[in-house]
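Hi,

Here is the structure I said I would pass on.

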Amino acid sequence: NILIDGNSTAALVGHSGAGKSTLINLMPRFYDPKKGEIFIDGQNIRDVTLTSLRKNISLVSQDIILFDDTVRANVAYANLNASEEEIKKACEFAAATDFIENLPQSYNTVIGENGVRLSGGQKQRISIARAILKDSPIILLDEATSSLDAESEEKVQNAIRNLTKNKTTLVIAHRLSTIV
């Protein structure tokens, strides 16, 4: 049994293949457990709608899914009713504003399928901005900084601190130093 208190951060550290990412993928019900149950606030996640469950969870992983669309559209995917101000504020909290404003058309720059025109750190910050804009109470971080250089990792770590403030957060990493 694993119990995580609300508004706290818990970490799972272990070697590849230990099942850390599997646990993360069970939370939003990308698939269901063969044995056991998962409860959030005393409710079995199988007893709530997928829409309701996923509305309350943000996932930031090493495998970021971005669309062949503008920066704005990729961030706003988390909240299609977001105002321009809300999108820009989320990007600011995600430490993404500087690089976005230096793109050829700023927020209107098309980033290519899966963000092919962006660096790993830039993609991570777009993903974090999306999660900030979604403003869900549960944050799942799966190796969110594993492929970054030191400078990008520092910016992303600061963005993650903004994202996880006053949220229930589950962090997955191979190394304890990443968690610390």
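First, the ground rules. This is a predicted model, so local features need pLDDT of at least 70 and side-chain atom pairs count only at pLDDT 80 or more, while totals for chains, interfaces and linings use all residues. Residues are numbered from 1 along each chain as its sequence is written, and side-chain values use heavy atoms, with hydrogens and water left out.

**The helix pair**

Two packed helices are described by the angle between their axes and the distance between the axes. Here the pair is H6 (residues 120-134) and H7 (residues 150-164), which pack at about 5 degrees with axes 10 Å apart. Helices (H or I, at least four residues) and strands (E, at least two) are DSSP runs, numbered from the N terminus. The axes are lines fitted to C-alpha atoms, for helices over the stretch in contact, and angles run from 0 to 180 degrees between N-to-C directions. The angle therefore makes H6 roughly parallel to H7 (under 35 degrees; over 145 would be roughly antiparallel, 65 to 115 roughly perpendicular, and the rest oblique).

On the H6 side the contact (heavy atoms within 4.5 Å) is made by Gly121, Gln124, Arg125, Ile128, Ala131 and Ile132. H7 brings Ser152, Lys155, Val156, Ala159, Ile160 and Leu163. By type, the residues of this contact are seven nonpolar, three polar and two charged.

Beyond its neighbours within four places in sequence, Ser127 is in contact with Leu59, Val60 and Ile64. Leaving out residues up to four places away in sequence, Lys123 touches Ile64, Leu66, Asn114, Gly115 and Leu118.

**The pockets**

The largest pocket holds about 840 Å³ of space. A pocket here is found on a 1 Å grid over the protein atoms alone, as an open set of points where a 1.4 Å probe fits, with protein on both sides within 12 Å along at least five of seven lines; lining residues have an atom within 4 Å of a point. Grid points are joined across faces, edges and corners, and the volume is the space filled by probe spheres set on the points.

The largest pocket has 31 lining residues, and Ile2, Met27, Ile38, Phe39 and Ile40 are the closest to its centre. Helix H1 (20-26), strand S2 (39-40), helix H2 (50-55), strand S5 (138-142) and strand S6 (168-173) each supply at least two residues of that lining. It divides into 18 nonpolar, nine polar and four charged residues.

The second largest pocket has a volume of about 730 Å³. Of its 23 lining residues, Phe30, Leu59, Tyr77, Arg130 and Lys134 lie nearest the centre. Two or more residues come from each of H1, strand S4 (57-61) and H6, and S4 gives the most, with five. This lining splits into twelve nonpolar, six polar and five charged residues.

**Single residues**

Most residues other than glycine have a negative phi. Arg29, in the loop between H1 and S2, has a positive phi of about 65 degrees although it is not a glycine. Ser106 has a positive phi as well, of about 50 degrees; this serine sits in the loop between helix H5 (97-101) and H6 and is partly exposed, at 22%.

Then there are two asparagines. Asn7 is in the segment before strand S1 (9-13) and counts as exposed at 58% relative accessibility. Apart from neighbours within four places in sequence, Asn7 is in contact with Asn166, Lys167 and Thr168. Asn44, by contrast, is in strand S3 (residues 43-44) and is buried, at 11%. Asn44 touches Glu37, Ile38 and Phe39, again not counting residues up to four places away.

Cheers

Key: Ala, Val, Leu, Ile, Met, Phe, Trp, Tyr, Cys and Pro count as nonpolar, Asp, Glu, Lys and Arg as charged, and the others, Gly among them, as polar. Buried means under 20% relative accessible area, exposed over 50%, partly exposed in between (1.4 Å probe, protein chains only).
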